Each structure stands twice: as structure tokens, then as C-alpha cells.
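I opened the notebook to look up charged side-chain pairs and helix ends.

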Amino acid sequence: MLLLLRRYDAELDAAYEQARDDGDLTSLVQTVRRWWFEADAWRDPEAQREFLARVKKYQAEGPPPPENRINREEIRAQYGV
């Protein structure tokens, strides 16, 4: 868990730096959104296990086919983001 927090801090620091350099918050928003899903899974141990199993499967087999993926509109409707 400590390594994960260090990785998050490093990526967040880099995103802040990029946003300052560019004068644009896009990199910061993208970083926070990417980590939001993982952080949400860490709140629930069972959800965390499911998340890690899904990541492991995707790394071994590749991502799910397009028809099984959730799109941005579905994410917004389901999670309110």
C-alpha cells in the first residue's frame, strides 16, 4: 500500500507541475480521474480484490472486447462523475 501511495503522490506531483507549465488543468484532471476508480476500490476490500483480479486479467489477456466495455456516459450515469 505504501508503494501505491508513493506512486500516486509522484504522479500527482508530476500532473501539478505539468498543469503549471502548460497553464492548463487537463493533465491534473486526467490523473485524478484515473486514480479515482482505483481509490474507490480500496475503500472496500472485496471491491479491491475484484479490481486487482480484473487488472491482472487485462494484463494477461488484454482489455475486454469493445462491446463489453463501459463508455464515458455510462460511467457518468453510474458514478455521477
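I began with the cut-offs: a residue is buried under 20% relative accessible area, exposed over 50%, and partly exposed in between. I kept in mind that this is a predicted model.

**Entry 1**

I looked up Arg34. Its relative accessible area is 49%.

Which residue does Arg34 bridge to? I found Glu11, with the closest N and O atoms 2.8 Å apart. This pair links distant parts of the chain. Glu11 sits in helix 1, Arg34 in helix 2, which covers residues 26-42. The two are 23 residues apart.

**Entry 2: Glu11 again**

I checked Glu11 for another bridge. Its side chain also meets that of Arg7 in a salt bridge, 3.5 Å from N to O. Here both residues lie in helix 1, residues 2-22. They are four residues apart, about one turn of the helix.

I then read off accessibility. Glu11 is at 25% relative accessible area, so I logged it as partly exposed. Arg7 is at 43% and is partly exposed too.

**Entry 3**

I moved on to Glu17 and Arg20. Their side chains form a salt bridge at 3.1 Å, N to O. Both belong to helix 1, three residues apart, about one turn of the helix.

Is Arg20 exposed or buried? I noted 55% relative accessibility, so Arg20 counts as exposed. Glu17, at 38%, counts as partly exposed.

Next I traced shared partners. For the tally, I recorded four salt bridges in the structure.

**Entry 4: the ends of helix 4**

I turned to helix 4, residues 72-79. What caps its N-terminal end? I found Asn71 there. A side-chain oxygen of Asn71 lies 3.1 Å from the backbone nitrogen of Glu73.

I also looked past the other end. Gly80 follows helix 4. I noted a positive phi for Gly80, near 70°.

**Recap**

I have Glu11 bridging to Arg34 in helix 2 and to Arg7 within helix 1. I have Asn71 as the N-terminal cap of helix 4, and Gly80 after that helix.

Methods: Residues numbered from 1 in each chain as written. Predicted model: local features only at pLDDT ≥ 70, side-chain atom pairs only at ≥ 80, totals over all residues. Heavy atoms only, no water. Buried < 20%, exposed > 50% of the residue type's maximum accessible area, 1.4 Å probe, protein only. Polar contact = N/O pair within 3.5 Å; in protein donor to acceptor, adjacent residues only side chain to side chain.
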